[in-house]
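Please look through the model below with its open spaces in mind.

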Amino acid sequence: MRTKDALEHLTPYQQGMQIEEVKKQFNLNKIVKLASNENPFGYSPKVKQYLKTKDFNLDIYPDGHASVIREVLANRLHVSQDQLVFGSGSDELIAIIARTYLTPQSNTIMATPTFPQYKHHAIIEGAQVIEVPVTETGAHDLEGMLDAVTAETRVIWLCTPNNPTGNALEYNQFIDFMNRCPKDVLVVLDEAYYEFLSKDKDLQAIELLDTYKNLLILRTFSKAYGLAGIRIGYGIGHEVIVNALNVIRGPFNTSSIAQELAVIALEDETFLQEVVHKNRQIRTEFEQFLDQLGWTYYPSETNFLFVKTPVSDDVVFNHLLQKGFIVRPGSKLGMPNTIRITIGQADDMKALQDILKTVE
Ligand SMILES: *Cc1c(COP(=O)(O)O)cnc(C)c1O
């Protein structure tokens, strides 16, 4: 069977090593997975409680319009309901965006390294991918990205905070970028780690949607809300963009369970604030440890840290793996001699410190 030509150089997503796999291989009873930026504090106890008491009508299709979560979010974000689009995780929205806007005649611009799914879906659509290296500090080179724009550019992907480097866009630079970016180029602002941002790094991008009708913001329940398993994320943008995406979106792309649980999760502001607070505290302690150890890292506004390793990242990765810690080696992301470490629970991060001291 002949696939699309584009698939010749693509492989299925290689997920980080799974817990059971590592347990068996190294004969360990406890594994700490710090590879996928999942929430080490789980999800809201209100969601847990709701799951116990609720009988879902699983025999019928979900509400394809996601009416309830749509109304709740629209009120909370002060946008109109027509400005929202939901996906089975923001991952699916990335695929839908690529399918909606990219063709073999077009190109798309993104940072490197950044979230790999932008490139993956652009290639599937046959579009030309233009990658602009991040700066020394891991920030987007917005000037370089603007310079790369051509008449064929359809989508520019900005990831803030950027995965894997962890740093966030600066407000003034972002505004300058939006002012100079052609109005017919879609700018996707992926804010998967939005809730972790410090206040002064919050772009308040929703307030900019009236000014920049080519801006689409992506957010998710997978990271700070700790609900990666239910698969729900959303886009916020002008209704012209949302309408186009809705043509491509499958009719029942988010499950009824995901829609309901997202509503409950949104109500628990206390849990979210606890997560953000603990993450910041543990990340700071871990940064101080790395300072003492003499290892450097990129500035982070997220629940992960992109760390430069004094020896090859493979060596560090394997050393940690044998002790039951799974991290993400940077070589896989095109950045050798770095590892991306999700900030875990306090005691696990202490244990990780002891192991890192023995890397040689
Ligand atoms: C985790 C992540 C996503 C995907 O999140 P889902 O909503 O779980 O699909 C999207 N973008 C970035 C930058 C991420 O890190």
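The second largest pocket has a volume of about 730 Å³, where a pocket is, on a 1 Å grid over the protein atoms alone, an open set of points with protein on both sides within 12 Å along at least five of seven lines, and a volume is the space filled by probe spheres set on the points, which are joined across faces, edges and corners. Of the 27 residues that line this second largest pocket, Leu77, Tyr194, Asp202, Gln204 and Arg219 are the closest to its centre, a lining residue being one with an atom within 4 Å of a point. Two or more lining residues come from each of α3 (67–77) and α10 (269–293), and α10 gives the largest share, five residues; helices here are DSSP runs of H or I with at least four residues, strands are runs of E with at least two, and both are numbered from the N terminus.

The model is predicted, so that local features need pLDDT of at least 70 and side-chain atom pairs count only at pLDDT 80 or more, while totals for chains, interfaces and linings use all residues. Residues are numbered from 1 along each chain as its sequence is written, and side-chain values use heavy atoms, with hydrogens and water left out.

The largest pocket has a volume of about 1,200 Å³, and among its 45 lining residues Tyr13, Phe115, Pro116, Gln117 and Arg328 are the closest to its centre. At least two residues of this lining are supplied by each of α4 (89–101), β3 (107–112) and α5 (117–124).

The structure also holds one cavity of 30 Å³ or more, a cavity being a set of points where a 1.4 Å probe fits but cannot get out. Ile282, Glu285, Phe286, Ala346, Met349, Lys350 and Gln353 line the largest cavity, and the largest share of that lining, four residues, comes from α12.

Finally, three strands form an open antiparallel sheet in the order β9-β12-β11, where two strands pair if DSSP finds at least two bridges between them. Its edge strands, β9 (304–308) and β11 (328–329), each pair on one side only. Between β9 and β12 (residues 338–342) the antiparallel pairing runs over five bridges, and Lys308 stands opposite Thr338 in β12. Helix α11 (residues 313–322) packs on this sheet and touches β11 and β12, contact meaning heavy atoms within 4.5 Å. The direction of α11 makes about 35° with that of β12, as given by lines fitted to C-alpha atoms, for helices over the stretch in contact, with angles from 0 to 180 degrees between N-to-C directions.
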